Amino acid sequence: MRAIWKGAVSFGLVSVPVKLYSATESHDVSFRQVHASDGGRIKYQRVCAIDGEEVAYADIAKGYETEDGEMVILTDDDLADLPSTSSREIAVEKFVPTDQIDPMLFEKSYYLEPEKTGAKPYALLRQALLDADRMAVVTVALRQRTSVAVLRVRDDVIVMQTMMWPDEIRTPDFSIEAGEVKDSEVKMATMLVDTLAGDFDATEFEDDYAGAVEALVKAKIEGGEIKRTPTSTKSSGEVVDLLAALQRSVKAAQSARGESGSDEEDDAADEKPAKKTTTKKAATKKAPAKKSTAKKSATKKAPAKKAAAKKAPAKKTAAKKTPAKKAS
């Protein structure tokens, strides 16, 4: 894991230098929107709802929409004047009983790892939380915004869980009218609860949907039901396209050797400059090899002629055999 924040937990006069790590990650299945006929990804353009023109990213600003639909545009200077904090302190405000905090308030979880110099006070705070059976309510500045969070112990590690603000919890706007509940019905419901009672073990549950999607995709790949697109980077199709491009580049270089490059060769050079350099290096290495061969053949020409002279009698012998065949 990679630390995303460094600071210190302070309670009273004690300061614990710590590193912050994200304690969770999403394994949710995600899909891309593509063209059904060829598998190409669908692109979205930034278009103004008023004039219908495409807007460059540099021309996009932040806007705050009021309740009556009016739009207030905020500039970077406006945002710079807003109150923010960059404090590296996790300040303990109070220690509260664990049952006083509604789990609905919890937002995101982080692991706190002590620096080497803070190992002992870290262990002290961890043990104090366990013995008191309480959570520490803290304030912390993350992404230049002050958040409320709690510290609790999980598997000998202190976990910080950021919390939502109270006004971010919605109040249900519906009522439940179930009528009169009979004692016999309550008794049967209680029996059902007792029958299904047990301890929670997270490993007993698994994401069946994600597993089914992976199996489906694997089956389609094995069956050849895939789309080869120019933007594919995780399939063998990219390798095939690369080999074909290299072959075209070599043919173009061979046909235009010593002449000005053709359009096809120029295109290949733009696409694969590294490969073109390799071809040139190979050519320069072969040139000396040819010269050395020529020198060796030149020095051995005389013995070669002598060998031919020795073979001359053999030819005469072959000539003498010809009349012998005619005589027969």
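**Reading salt bridges, a helix and a barrel**

Guide: A search of the whole structure, which is a predicted model, finds two salt bridges.

Visitor: Which side chains meet in a salt bridge with a distance of 3.6 Å, N to O?

Guide: The general idea is that side chains of opposite charge can pair when their charged atoms come close. Here Arg154 and Asp155 are joined in this way, with 3.6 Å from N to O; Arg154 is partly exposed because its relative accessibility is 40%, whereas Asp155, at 63%, counts as exposed.

Visitor: With which residue does Lys220 form a salt bridge?

Guide: The partner of Lys220 is Glu225, and their closest N and O atoms lie 3.0 Å apart. Lys220 is partly exposed at 36% relative accessibility, while Glu225 reaches 52% and counts as exposed.

Visitor: Does helix H3 lie largely in the open or buried, and why?

Guide: An α-helix has 3.6 residues a turn, so residues three or four places apart point the same way. In H3, the number of buried residues is zero out of 13, and therefore the helix lies largely in the open. Helix H3, residues 183-195, spans 18 Å from its first C-alpha to its last, close to the 18 Å expected.

Visitor: In what order do the seven strands close into a barrel?

Guide: The order is S1-S2-S6-S9-S8-S7-S5, with mixed pairing, and the twist from one strand to the next averages 40°.

Visitor: Which helix lies across strand S8?

Guide: Helix H2, residues 119-132, does so, running at about 75° to S8, and it also lies across S1, S2, S5, S6, S7 and S9.

Technical notes:
Residues are numbered from 1 along each chain as its sequence is written. This is a predicted model: local features need pLDDT of at least 70, side-chain atom pairs count only at pLDDT 80 or more; totals for chains, interfaces and linings use all residues. Side-chain values use heavy atoms; hydrogens and water are left out. A salt bridge is a side-chain nitrogen of Lys or Arg within 4 Å of a carboxyl oxygen of Asp or Glu. Buried means under 20% relative accessible area, exposed over 50%, partly exposed in between (1.4 Å probe, protein chains only). Helices (H or I, at least four residues) and strands (E, at least two) are DSSP runs, numbered from the N terminus. The expected span of a helix is 1.5 Å times one less than its number of residues. Two strands pair if DSSP finds at least two bridges between them. Axes are lines fitted to C-alpha atoms, for helices over the stretch in contact, and angles run from 0 to 180 degrees between N-to-C directions. Contact means heavy atoms within 4.5 Å.
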